[in-house]
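This report goes through one protein model, part by part. Please keep the sequence and the 3D view open while reading.

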Number of protein chains: 4
Amino acid sequence: MMNSFGHIFRVTTWGESHGPALGATVDGVPPGVALAPEMLQHWLDRRKPGQSKYTTQRREADEVRILSGVYEGQTTGTPIQLMIENTDQRSKDYGDIVEKFRPGHADISYWLKYGIRDPRGGGRSSARETAARVAAGGVAREVLKALVPGIEIRGYMTRMGVHEIDRARIDWDEIERNPFWTPDAKAAETWATYLDGLRKSGSSVGAVVEVVVRGAPAGLGAPIYAKLDTDLAAAMMSINAVKGVEIGEGMNAAMLTGEVNADEIAMGPDGPEFSSNHAGGILGGISTGQDVVVRFAVKPTSSILTPRKTITKAGEPAEIVTKGRHDPCVGIRAVPVGEAMAACVILDHLLLHRAQVGDGPCGRIG
Amino acid sequence: MMNSFGHIFRVTTWGESHGPALGATVDGVPPGVALAPEMLQHWLDRRKPGQSKYTTQRREADEVRILSGVYEGQTTGTPIQLMIENTDQRSKDYGDIVEKFRPGHADISYWLKYGIRDPRGGGRSSARETAARVAAGGVAREVLKALVPGIEIRGYMTRMGVHEIDRARIDWDEIERNPFWTPDAKAAETWATYLDGLRKSGSSVGAVVEVVVRGAPAGLGAPIYAKLDTDLAAAMMSINAVKGVEIGEGMNAAMLTGEVNADEIAMGPDGPEFSSNHAGGILGGISTGQDVVVRFAVKPTSSILTPRKTITKAGEPAEIVTKGRHDPCVGIRAVPVGEAMAACVILDHLLLHRAQVGDGPCGRIG
Amino acid sequence: MMNSFGHIFRVTTWGESHGPALGATVDGVPPGVALAPEMLQHWLDRRKPGQSKYTTQRREADEVRILSGVYEGQTTGTPIQLMIENTDQRSKDYGDIVEKFRPGHADISYWLKYGIRDPRGGGRSSARETAARVAAGGVAREVLKALVPGIEIRGYMTRMGVHEIDRARIDWDEIERNPFWTPDAKAAETWATYLDGLRKSGSSVGAVVEVVVRGAPAGLGAPIYAKLDTDLAAAMMSINAVKGVEIGEGMNAAMLTGEVNADEIAMGPDGPEFSSNHAGGILGGISTGQDVVVRFAVKPTSSILTPRKTITKAGEPAEIVTKGRHDPCVGIRAVPVGEAMAACVILDHLLLHRAQVGDGPCGRIG
Amino acid sequence: MMNSFGHIFRVTTWGESHGPALGATVDGVPPGVALAPEMLQHWLDRRKPGQSKYTTQRREADEVRILSGVYEGQTTGTPIQLMIENTDQRSKDYGDIVEKFRPGHADISYWLKYGIRDPRGGGRSSARETAARVAAGGVAREVLKALVPGIEIRGYMTRMGVHEIDRARIDWDEIERNPFWTPDAKAAETWATYLDGLRKSGSSVGAVVEVVVRGAPAGLGAPIYAKLDTDLAAAMMSINAVKGVEIGEGMNAAMLTGEVNADEIAMGPDGPEFSSNHAGGILGGISTGQDVVVRFAVKPTSSILTPRKTITKAGEPAEIVTKGRHDPCVGIRAVPVGEAMAACVILDHLLLHRAQVGDGPCGRIG
C-alpha cells in the first residue's frame with residue numbers, strides 16, 4: 001500500500017527482489033522533453049550490484065526499458081513505464097529464511113503485518129526496489145535539465161563507520177574516482193582498507209550519505225505539510241536501511257546558539273547571499289537559492305556471517321547466518337538512490353510551485 | 001498549499017500568528033469516540049506560551065472550541081473543526097521586520113516564493129501554527145485510547161545545547177516535574193542555570209526531543225512510500241525549526257557494525273522480544289511491537305538580541321535585532337508538538353492498516 | 001471522511017446544519033489576488049434560504065468571515081479559512097426524526113454507516129453544507145478573474161419537473177430576473193404557477209441545472225483519471241440530491257450516430273471553431289476552448305407533507321411527515337452551488353495544467 | 001498526469017494504443033487472496049476486440065501477466081503489476097491523422113494541451129487503455145469475493161441508439177447469450193439487424209450501459225467528497241466516450257415529485273427493505289444495502305466512413321475519413337469496463353469504510 005510518492009511528478013514503484021521484473025510508473029512528466037533509455041541507464045549503472053568488490057556480487061544487468069509515455073524520443077505528458085527485468089534470481093540461496101526471521105531485516109514485520117511474505121531476497125522489502133527509484137530519478141534529471149539549466153545534484157559518502165571525511169578536503173571531482181563516491185581522496189584510501197577487512201570477516205558497517213542540490217531556484221517548498229525539507233526527509237527515510245535524516249546543520253543544530261546558527265544575509269550581484277549555510281538552503285520549508293543540503297544515515301547491512309539469535313514462525317528459538325551475496329557497506333549503493341530521490345523531490349516542487357505561483361515573477365529583492 | 005497531513009486520519013491546519021484565529025479540521029475520525037474540549041485543552045496547556053520563565057511571555061489562552069463533528073459528546077465520523085482564537089496580537093512589536101528579513105527566519109523564503117508576506121509574527125510560518133497540531137493530536141489520543149488500550153506516547157527533551165541527558169537516569173515520572181520535560185532530574189538542574197544565562201543575554205539554544213510510543217501494535221506502516229518511519233520523519237521535519245530526525249539509533253547507526261546494530265529476537269510470553277532496540281521499533285518501515293522511538297533536533301530560535309546583518313526588500317544592507325517576546329529554547333515547547341504528531345501518525349497508520357488488512361488476524365508467531 | 005476536493009486548489013469543508021458554524025478551508029490559492037468577504041457574500045446571498053417564497057423559510061444571514069490567508073486585502077498563498085455561523089438552529093422542529101428514518105433522506109444510511117447520527121436538520125448530510133462550497137467558489141472566481149480575464153461561469157435551471165425550457169428562448173440576461181435562475185422568461189412564468197401549487201400542497205419536485213463555462217482555455221484536464229469531465233461529474237454528483245450528470249449532449253448522446261454527434265472543426269480568426277458542441281467543450285477529458293457545458297439532475301426534496309411509511313431504529317413500522325421549513329424545489333438553490341463547483345474545478349485544472357505544462361506555449365494550430 | 005484512481009485500492013494505468021505494452025499497478029490489495037492470471041483473463045476476454053462482427057477487427061490476444069505482488073498464488077499486500085503486451089500494432093493504418101485532427105476524437109485537445117501527441121491509434125487517449133482497467137477490475141472482483149461472499153456485479157446494455165430495452169423483459173441469464181450483453185432477448189434481435197446496417201454503411205451509434213451491484217453491504221461511501229455515487233460517477237465518466245452518468249432514477253429524477261421519488265422503508269427479515277429503488281441504492285452518498293444502480297451513456301464512435309470537415313495542424317481546412325478497424329457501437333465493449341470500474345469503486349469503499357469504522361458493528365436496526 002502507498003507505493004507512490006510525489007505530488008505532481010508522481011512515481012509509483014512495483015516489483016520484488018526475485019520476481020520476473022520491477023519498475024516504476026512516472027506520472028506528471030512535462031511534455032516535450034527528450035528521453036531515451038540510455039539516459040536512465042547511466043544512473044542505473046551506478047547503483048548496479050557487482051561494480052566493485054565492495055558491493056554484492058549478485059549479477060544484474062539492470063537494463064531499463066521505456067514501455068510508454070515517450071514518442072519519437074520525446075515525453076508526451078502521459079505516464080512513463082520503466083521496466084527492469086530481474087535476471088539473477090538464485091532463490092535457492094534464501095532457503096533458510098523461509099521459516100526464520102533474520103534479525104534487522106523486515107522479515108518479521110512483514111510477516112506480522114501481512115501474514116504472508118515473499119522470502120526470496122526479502123521480496124518487496126529488498127533494496128532491489130531502489131533500482132526503480134534510480135530510473136525514475138533519471139527521468140527527473142532530464143526534466144530538470146530542461147527546466148533549470150545548470151542545476152546539479154551530487155551525492156557522496158561522508159562517513160563509513162567510524163571514519164568521517166575531512167570537509168576541508170571535499171573535491172567533487174574525486175567522487176567519480178573511487179568506489180565509495182566520496183569527495184575526500186584520502187578518506188577513500190582509509191575506507192578501502194577498512195571495508196576490505198570487514199568484508200573478509202563477513203561483517204558490515206553503516207554510512208552517511210550527503211546529497212547537495214546546487215542551483216535549485218528559491219521558492220521551492222509547500223508549507224506547512226509539504227515543506228521542501230519535509231518531503232526530502234520522507235524521501236530519504238523511505239530508502240531501505242536509513243535511520244536518520246538531516247537538513248543543513250542537522251542534529252548538530254541542537255548544540256548551537258542562535259548567534260552561530262542563523263545565516264546572515266548580504267546582497268550579492270545576483271541576489272541575496274548568505275554568510276554560511278547552517279540552514280541547508282531551506283528556511284520555513286522553502287528553498288532560499290543556496291545549496292540544498294540533505295544527509296542521511298544508512299545502517300549496516302543486517303546480513304552478516306556471524307550467527308545471530310532469532311526465532312522461527314513457530315516461535316522456536318533458532319540461530320541464523322545470512323549467507324548469500326551481500327553488501328558490506330550498503331551505504332555505497334545508497335548514494336545514487338539518494339541523488340535520485342533528491343532529483344524527484346526537487347522537480348516535484350518545481351512543478352508544484354508553478355501550479356500555485358506560475359512561471360511568472362514572485363518576490364523580488366532589490 | 002499542502003496544509004494537510006495524514007492518509008485516513010487527515011488533519012488540515014489554517015491560520016496565522018496574528019490573524020483572528022487558527023485551527024485544524026480533523027477528518028477521518030472514527031465515530032462513537034467520547035470527545036470534549038477539555039480533553040484537548042489538557043495538551044494545549046502544555047504547549048501554551050508563558051508557562052515558565054523559559055518560554056515566550058506572549059499571553060495566549062489557547063482555548064480550543066469544537067465547532068463540528070461531535071454530537072452529544074461523541075464523534076460522529078464527520079470532520080471536527082478545532083478553533084483557537086488569537087487574543088494577544090501585539091503586532092506593533094513586529095514593525096521593524098516589514099522591510100528587513102530576519103536571518104534564520106522564513107521571512108526571505110516566503111517573500112521569494114509568494115511575493116507577499118504577512119510579517120506579523122511570521123504569519124503562517126510562525127510556530128503558533130503548532131497549537132493546531134497539538135489540538136489535533138489530542139483528538140488522535142482519544143481515538144487511540146479507545147482503539148489501543150494502554151498505548152502511551154511520551155515526549156521529552158534529551159539535549160539542550162551542549163548538555164545531554166544521562167540515559168541511565170531516565171525516569172518518565174520526572175518529565176512532569178521540570179519545565180523542560182526532561183526525564184533526567186539532574187539534567188533539569190543543569191539546564192535551568194544554563195538557560196537562565198542564555199535568556200538573560202538574549203541568546204538562544206537548540207535542543208533534541210525524543211518521542212516514544214509504547215504499546216503500539218506490530219504491523220503499522222505502509223511500505224514503500226508511507227512507511228511508519230517515513231511518515232514520522234515527515235511529521236517531525238514539518239515542525240518549525242526542526243533540522244534532523246532520527247529513528248532508533250538514528251545518525252549513530254552509521255557508526256555501527258551489523259553485529260551490534262541488528263536486534264536479536266527471542267520468544268517471550270506475549271510474543272517476540274528483542275534483545276535491544278537499535279531499530280527504534282521499526283523494521284522495513286513497519287512496527288514490530290517494540291517501543292517506537294523517534295528523535296528530532298530543534299535549532300536555536302533565530303530571534304536574539306544580538307544585532308545581525310541582513311538586507312531589506314530593496315536589497316540594501318541592514319542590521320536587525322529581533323525584540324519581542326521569544327523562547328530562548330524553542331525545543332521545550334516542541335515536546336508536546338512532537339507527541340501530537342506521533343499520535344496523529346500512529347493513529348493514521350492504525351486506520352490505514354485496518355483498511356488493507358482488517359481488524360482480523362494477520363501474521364501469528366508460535 | 002474525505003471532506004476535501006480538488007488537486008491543487010483544494011477545498012475542505014466542515015460543519016453541520018445545526019452546529020455553531022460551518023466553513024471551508026481553501027488551500028492552494030495563488031498569492032497576490034485581491035479578496036474581501038463582500039466578494040464572497042455576493043454569491044452566498046444567491047444561495048441563502050428565504051430569498052423568495054419558493055425556498056425554505058429558514059432564516060440564515062449566511063455571513064462569511066475570512067479568518068486566515070488574506071493580508072491587507074490580498075491572498076498570501078496560505079490557507080484561507082471561511083467561516084459561516086449558523087444563527088437559526090430551531091432544532092425542536094426535528095424532534096420526530098430522532099427515532100424514525102425519513103424516506104429519501106440520508107438518515108438511515110448515516111445510521112448504518114456510523115452507528116451514530118446528528119439528527120438536527122440532517123447534521124452533516126444537510127444541504128446547508130453547500131454554503132461552504134459557494135463561499136469557496138467565490139474565492140475560485142476571484143482567482144479565475146485574475147488569471148483568465150473574461151471567463152464567465154453561468155448556471156441556470158433548464159427543467160422543473162415535467163416542464164423544460166425552450167432552448168430557442170435562452171437569454172442569459174433573463175437569469176437574474178426570475179426566482180428560478182432560468183434563462184427562459186416564459187418558462188419562469190409557467191414554473192411560478194406550477195411550483196406555487198406544489199408548495200401549497202406540501203409536495204416537491206425535481207429539476208435540471210445547467211452550468212456553462214465560457215472562455216475557459218483549451219488544454220484543461222488531466223487524463224486519464226482526472227479528466228475535466230470526470231472531475232466535473234464528481235463535483236456535481238457530490239452535491240446533495242443530485243442523481244445524474246451530463247456533459248454536452250449527455251445521456252442523449254446514446255441516441256445519436258457518429259455523423260451527428262462528432263463536432264466538425266474549422267479554422268476561425270482566433271483558432272479552431274466547431275460546427276456544434278455535442279461534446280460540451282471536452283474531448284478526451286481535455287477542454288477544447290469551446291463552452292464547457294455540464295448539466296445535473298436534482299431529485300425532489302424528500303421532505304413533504306404527505307405521510308410516508310418508514311421504520312424506527314428499533315425496526316418498528318412507522319409513519320412520518322416531515323414538517324419544518326423546506327424547499328419545494330431544491331434545484332433552485334442548487335444553481336449557485338453548481339456554479340461554485342464549476343469555478344473550483346476549472347481553477348483547479350488551470351493550476352494543474354500549469355504545473356505540468358507551465359504558463360508557456362503548448363500546442364499551436366496555424 | 002493523474003493516472004491513478006481509488007483511495008486505498010489504488011489503480012495506476014499506463015500505456016498507449018500502439019506502444020509495446022500497457023498495464024496497471026494495483027496497490028492496496030489485501031494480503032492472502034488467491035490470484036492467478038486466468039482469473040483476470042476471463043474478464044479481459046469479454047472486452048477483447050474481434051469477439052463478434054460487431055466489434056473492431058483489430059486482433060489482440062490481450063493476455064495479461066502478473067509481474068509482482070503475488071507469491072505462491074496469493075496476494076502479498078504489495079503492488080500487483082498487470083502487463084498486457086500489444087501485439088497488433090498496424091500503425092500504418094493511422095497515417096492520415098498525423099496532420100489532421102479527427103472530429104470527435106481527442107486529437108485536437110491532446111495537441112492543444114501538450115504540444116505533442118502520439119497519433120498511433122490515439123495514443124494514450126485510445127480506449128485500449130480500458131484493458132488495464134478490466135484487468136484491475138478482475139483483481140477487485142477476487143478480493144470482493146473473499147470479503148463479501150455472494151456479491152454480484154453485472155453490467156449490460158439497456159439502449160443502442162434509438163432502441164431501448166423493455167425493463168419488463170430483463171433476464172440476467174440472457175446477458176451472456178447475445179453479443180450485446182443485453183438482458184432483453186428481444187432487444188438483442190432488433191439490435192443485431194440495426195447494428196448490422198450501421199456497420200455496413202460505416203456509421204456508428206451510441207449506447208447506454210447499466211451496472212448493478214447486488215449484495216453490497218450498507219454503509220459504503222465517504223461523504224462529503226468521496227460519496228459512493230460521486231466516486232462511481234467519476235469512475236464511469238473517466239471511461240472513453242462517456243457523456244452522462246446516472247444513479248438510480250438518474251436524470252429522470254428531475255421529473256418526479258417527492259411522493260413518487262422517495263423510497264419508503266419497511267422492516268424485512270434481514271433488515272430494512274425499500275418499496276422501490278429510485279435512489280439506486282445510495283442515500284446521502286452512502287449505500288443502503290439495496291442494489292447499487294449506475295448507468296452511463298457512451299457516445300457513438302467518432303471514427304466513421306463519411307468524410308468529415310476538419311483542419312490540419314497548420315490550420316488549413318481538410319476532410320478526413322477514419323478508415324481502420326473500429327467499433328460501430330463502442331458501448332458494447334464498455335460493458336465489461338463499467339463492471340470493472342464498479343468493482344474497483346465498491347472494493348475501495350469497503351476498505352475505506354473499515355479504515356474509519358472497522359470490521360466491527362456499526363449502526364444496527366431492530
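## The largest pocket

The model is predicted, not determined by experiment. Its largest pocket has a volume of about 1100 Å³. The lining is made of 45 residues. Those nearest the centre are A:E246, A:M251, A:N252, B:E246 and B:M251.

Strands from chain A and chain B contribute to this lining. By residue class, the lining holds 16 nonpolar, 11 polar and 18 charged residues.

## A sheet in chain B

Strands of a sheet pair through backbone hydrogen bonds, in a parallel or an antiparallel sense. In chain B, 5 strands form an open sheet in the order β1-β2-β3-β7-β4, with antiparallel pairing. The edges are taken by β1 (4-5) and β4 (64-66) of chain B; each has a single partner strand, so one side of each has no neighbour in the sheet.

Within this sheet, β3 (residues 21-27) and β7 (residues 80-85) of chain B are antiparallel and joined over 6 bridges. B:A24 has B:L82 in β7(B) as its bridge partner. Helix α1 (residues 37-47) of chain B lies across β4 and β7 of chain B, at about 150 degrees to β4(B).

## A sheet in chain C

Chain C also has an open sheet of 5 strands, in the order β1-β2-β3-β7-β4 and with antiparallel pairing. Here β1 and β4 (64-66) of chain C are at the edges with a single partner strand each, so one side of each lacks a neighbour in the sheet. Between β4(C) and β7 (residues 80-85) of chain C there are 3 bridges, and the two run antiparallel. C:I66 is opposite C:L82 in β7(C).

Helix α3 (residues 130-147) of chain C lies across β2 (10-15), β3 (21-27), β4 and β7 of chain C. This helix runs at about 30 degrees to β3(C).

## Two helices in chain A

Helix α1 (residues 37-47) and helix α7 (residues 331-356) of chain A have axes that come within 8 Å and cross at roughly 150 degrees. On the α1(A) side, A:W43, A:R46 and A:R47 meet A:R333, A:P336, A:V337 and A:E339 of α7(A). The residues of this contact comprise 3 nonpolar, no polar and 4 charged.

## An aromatic pair between chains

Over all chains, the structure has 20 aromatic pairs. In the pair of C:F5 and D:Y225, the ring centres are 4.6 Å apart and the planes are at 45 degrees, so the pair is tilted. This pair crosses between chains: C:F5 is in strand β1 (residues 4-5) of chain C, and D:Y225 is in the loop between β10 (207-214) and α5 (228-237) of chain D.

Methods:
Residues are numbered from 1 along each chain as its sequence is written. Chains are lettered from A and ligands numbered from 1 in the order in which they are written. This is a predicted model: local features need pLDDT of at least 70, side-chain atom pairs count only at pLDDT 80 or more; totals for chains, interfaces and linings use all residues. Side-chain values use heavy atoms; hydrogens and water are left out. On a 1 Å grid over the protein atoms alone, a cavity is a set of points where a 1.4 Å probe fits but cannot get out, and a pocket is an open set with protein on both sides within 12 Å along at least five of seven lines; lining residues have an atom within 4 Å of a point. Grid points are joined across faces, edges and corners, and a volume is the space filled by probe spheres set on the points. Helices (H or I, at least four residues) and strands (E, at least two) are DSSP runs, numbered from the N terminus. Ala, Val, Leu, Ile, Met, Phe, Trp, Tyr, Cys and Pro count as nonpolar, Asp, Glu, Lys and Arg as charged, and the others, Gly among them, as polar. Two strands pair if DSSP finds at least two bridges between them. Contact means heavy atoms within 4.5 Å. Axes are lines fitted to C-alpha atoms, for helices over the stretch in contact, and angles run from 0 to 180 degrees between N-to-C directions. Rings of Phe, Tyr and Trp (its six-membered ring) pair if their centres lie within 6.5 Å; planes under 30 degrees apart count as stacked, over 60 as edge-to-face and the rest as tilted.
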